[in-house]
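Please open the model in your viewer and keep the selection panel at hand. The stops below are meant to be followed in order.

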There are 4 protein chains.
Amino acid sequence: MDFSIIRIARTVLHVTNLQASREFYVDGLGMIETESDNQHIYLRGLEEHAHHSLVLKKAQKATVEVLSYKVAKEQDLDEIEKLFASKGLKTKWMPSGTQHAMGRTLRVHDNSGIPLEFFAEMTTVNRMLQRYDLYRGAKIQRIDHVNCAVPDVQKAYDFYVENLGFSCSEYTETEKGDLWAAWLYRKPTVHDHAFMSGPGPKLHHFAYSLSDRLSILDCCDVLASMGYAQSIERGPGRHGLSNAFFLYLRDPDGHRIELYTGDYLTTDPDLKPKRWDLNDPLRQTFWGHEAPDRWFNETSSFIDIETGEEIIYQEPLLEQRKPKIMV
Amino acid sequence: MDFSIIRIARTVLHVTNLQASREFYVDGLGMIETESDNQHIYLRGLEEHAHHSLVLKKAQKATVEVLSYKVAKEQDLDEIEKLFASKGLKTKWMPSGTQHAMGRTLRVHDNSGIPLEFFAEMTTVNRMLQRYDLYRGAKIQRIDHVNCAVPDVQKAYDFYVENLGFSCSEYTETEKGDLWAAWLYRKPTVHDHAFMSGPGPKLHHFAYSLSDRLSILDCCDVLASMGYAQSIERGPGRHGLSNAFFLYLRDPDGHRIELYTGDYLTTDPDLKPKRWDLNDPLRQTFWGHEAPDRWFNETSSFIDIETGEEIIYQEPLLEQRKPKIMV
Amino acid sequence: MDFSIIRIARTVLHVTNLQASREFYVDGLGMIETESDNQHIYLRGLEEHAHHSLVLKKAQKATVEVLSYKVAKEQDLDEIEKLFASKGLKTKWMPSGTQHAMGRTLRVHDNSGIPLEFFAEMTTVNRMLQRYDLYRGAKIQRIDHVNCAVPDVQKAYDFYVENLGFSCSEYTETEKGDLWAAWLYRKPTVHDHAFMSGPGPKLHHFAYSLSDRLSILDCCDVLASMGYAQSIERGPGRHGLSNAFFLYLRDPDGHRIELYTGDYLTTDPDLKPKRWDLNDPLRQTFWGHEAPDRWFNETSSFIDIETGEEIIYQEPLLEQRKPKIMV
Amino acid sequence: MDFSIIRIARTVLHVTNLQASREFYVDGLGMIETESDNQHIYLRGLEEHAHHSLVLKKAQKATVEVLSYKVAKEQDLDEIEKLFASKGLKTKWMPSGTQHAMGRTLRVHDNSGIPLEFFAEMTTVNRMLQRYDLYRGAKIQRIDHVNCAVPDVQKAYDFYVENLGFSCSEYTETEKGDLWAAWLYRKPTVHDHAFMSGPGPKLHHFAYSLSDRLSILDCCDVLASMGYAQSIERGPGRHGLSNAFFLYLRDPDGHRIELYTGDYLTTDPDLKPKRWDLNDPLRQTFWGHEAPDRWFNETSSFIDIETGEEIIYQEPLLEQRKPKIMV
């Protein structure tokens, strides 16, 4: 590979009411509002020195515009364009300055149809890590990963591992040996990008890393006292896969966000991916309530990088099965 | 009143397998095993200087033998006997030494049929509060309360408040003003004894107080790693009533135990009981998953203080209603 | 005794700068400001339904006006006046309304010269326990105790135990059997009032109870980010006596406040006081840095209930000794 | 660079009493004992899938044998040998199997004289991350970093950054612009290796990463209950540099170990090193007690990779200054 992807770096969400989103993400979850105008809010976690890791964009309909990866250097973008073009996948350049606080970006659709974006430069700002007087709610630290439903996980896996340089930390197979879900990483944590078999491409959730378990409990208390108790969709509980202690929330537009803490480092190149059988009870949640149906059935739609139209999802190749609890 | 009840002091449970219970309560929950013989295990929390607050007694069937209250002094027992006798309620003396580590005890049935026990003396032992090297699982600190389902909550309330000297911290009424549930206390916390409308008399659960919320999460992790993930019935979550952060577990025999932390002191005599309407959403759980059906429907049976026979339950007077989430 | 003291209920401090105090207590420690005018700030903890537990009163000099106890009922005040008068101790009535939000109060000096106050009625307000959106800093829950230096601990002990109905949970003796320090309670926790041998009468510190240890660490982080790192005088650490996890702070006027969590209930009348030898290393801090000299040497002065003059302290009867670490 | 160093991977300590060390590290700190024989104990953290990250080797004198780095692949070792040889630095091969559970290793002295070791292969074992029933004490997760005193920090910095491929996250300069301390990393955290100006080469401490702050407090409680309260040398407190919440302990032989949690990820290649002035109070501990003198003055000696003789230390180039609190 002639390029190096560093990490998942931001999510661009379309939301229908900026003020409602601000209350949820800033007052409820404790994100830092770096900047905003009447069409956008730019948010980051307390640890982040990048300008933002979440863009909320006012729109008529709640969708996901793009998932963004930071790369090591400018030239990587050209190499990545060549790769996508060679595969016959759509690409689109956005010159520096087109997007606020961003250098030149390359937008593409991956081989599952997910709109991705690559960039090397984003404005940097101060870490707020030691502004404890500003800590609120979940005290969100940094973006951790995105999780997408796709019809063909093996196809997505092959592309990300062979062409984009991702490694696999953990994965789930059916009894026949079909790949049902995979946790893939560039930064040395359990994942930057997970794929699960399902109608897609769809964004199942995006996730932020927290400092500890109590930040999740504090967030539940704060959300409940603000009238958001119904935004808590699943958890708190402990994942078997990844070992993370988790909480799933639905934002005012229905986008799903996971609060996540307690996975492990994956620095070692000789780390073996951990296999889970789809029927293995150990694959399921380590402990916690069953996920409600809507956790399985409701996801956010992506839009096309050129037309802005909502992307039509495909049914999954593998038989759809609802595990008792899936992570 | 010519006597003074101090606090709920112990629960005597019949269990079918002492070793299975020991593994759950000692290794899983972190209780201290003060003593045991081949028919009994005597357990206490880390803070308790009383010999035990839980007796597990080997039996053919899992039932509840008695709920015990500590009184201020020996003579109180005689006054309490007079009271129960004057009401036509069954009483029974157990001389000092009849029960291990206990002074003279008075057993009775209250006006709902619940088997109660009163005593002034129990052997004291060392607090293990500073033996942090022995802390395990939930790091259980001390017995907090018992919660009973009874057919007529008003009747139970009147007896405990007017005759036994309890105070009420919080209560739930139907829209017609019928008392549906009540939280009653002698020690200055939210409760020693709660009553809820339901088929009874039955023990819904007994509860232990913990130092903090993380003790509950640690307990979930430890139980899951020991293979007890299915013992977690409800929670973790936050109660609206009492404000406690909670977890409900089912022990190997199906007895329900609540891990409980975060309520408040009720020292002030001018404290007004807090009223909740049965239909008020604020009465429900502050945040957390819905309780499963079995949390509402399954309870432990009491046995008769004289015959040892299981006590037949009565249907509740008030229309049975399952709130979305009840505490 | 013909009266019943319920608990330590408030401290009235003279401070030189109300705004500096507000920033420290409200923004830094997370107390709720119930009300204020240009001469007073009335503060309470999140759990407290009493109007306030701390009064900050603007003055030329930082002193302690009075320590207040709540009693069970109005008539108790008259009985207490009789007691103090019979002992030849000064008493002074303040009619209802003289002090904001307070009923009739009786002010006295105890037999060590400490200005005490007794009252049955204080305006009640809403508990903020479930307003988690307002939680800040140390998330202070409720007033816990006061700790006074007096020249003759035995004399203070005798008066509080024999005449005022306090019980002793723990105490320290010299090798000769002289009482060096005592922890006395009315509400069933380790103490409402502690006495230590030293130049006095002086207030060593007043203390608030917190929900958990992390509230103390969060408070350190918040204070440091606000520029108050130097206000942290001692801790965090764990006391041997009482088992509490603690932090000592100095407010902008030098008054010492302890943040305190993790002691135990003292409900049982047959509880034996725990004796510590002054030379016993186990008496010392369970773990933690040594207390700095100023922790031993600096205390707050009381003022006379009639003249308002600062009370002259007396040297202690027992030889002054600085233990390696004292609680 | 033709090689890739992954991360700090282990410390090999000489200790005088294996059983005393086992009690401290296993029972007190909660490390997992992977294996041992009568001359060695091999320990790892709960998250580690490598066979060990700490070797305790029985010896007459307590010293540090070597600090080990994992590299990406076998051939990297040959390239590293070339580098050290080209600089005229001592190298020594230890064939696979010479050291238990290790592949071929290259030992060297760096340009400060520190004995380093590089390896690509170590036996892997199961992560114990989800064996919560085995969690004890500090619940140590994984090795985080080592911190060495050297006479010339600039010289060490240049070698590690220019020749070994390390990056700098934070550093301290004197007012004249001399480099006084540097935090250098290969894995994307704040550091794998820190250098401070002082008599050296010496090991100041090695550090383990924990999941959260309460693990540090729990460890203090457990150590104190085991009689190790005096092993706590400094903390708990919060570092300004790195933002970590910390505790410094001395093991039974006087080796210093830091328990460390709460720093941040350093994945981004465009991250600017954070400069601190030696006289800047902000450089000092964010909050916490002053470090005692022994924290500054006592360090562990290294031994020569060939002779096994203790390495003689040199006085530092820069004027020795004790900051009020140094991290």
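Predicted model: local features only at pLDDT ≥ 70, side-chain atom pairs only at ≥ 80, totals over all residues.

Begin with chain A and select residues 7-121 and 142-262, which an unreviewed UniProt entry annotates as "domain: VOC". If you colour residues 7-121 by secondary structure, you will find 21% helix and 40% strand, and the C-alpha atoms at the two ends of this span lie 13 Å apart. Moving on to residues 142-262 of chain A, the corresponding figures are 20% helix and 45% strand, with the end C-alpha atoms 13 Å apart.

Next, show chain A together with chain C, and select the residues where they meet: 11 residues of chain A are in contact with 11 residues of chain C. The size of an interface is often given as the accessible area lost when the parts come together. For chain A and chain C that buried area is about 870 Å², of which 60% is on carbon and sulfur atoms. On the side of chain A that touches chain C there are 4 nonpolar, 2 polar and 5 charged residues. How many salt bridges does the rule find across the interface of chain A and chain C? It finds 0, while 2 residue pairs are in polar contact across the interface of these chains.

Finally, turn to chain D and select strand β2 (residues 32-36) and strand β3 (residues 40-44), which pair in the antiparallel sense over 4 bridges. A hairpin of 3 residues joins β2(D) to β3(D). To see one of the bridges, pick Ile32(D) and look across to β3(D), where its bridge partner is Arg44(D).

How values were computed: Residues numbered from 1 in each chain as written. Chains lettered and ligands numbered in written order. Heavy atoms only, no water. UniProt positions renumbered as here; feature names shortened; annotations may be inferred. Contact = heavy atoms within 4.5 Å. Buried area = accessible area lost by both parts, 1.4 Å probe. Salt bridge = Lys/Arg side-chain N within 4 Å of Asp/Glu carboxyl O. Polar contact = N/O pair within 3.5 Å; in protein donor to acceptor, adjacent residues only side chain to side chain. Nonpolar A, V, L, I, M, F, W, Y, C, P; charged D, E, K, R; others polar. Pairing = 2+ DSSP bridges.
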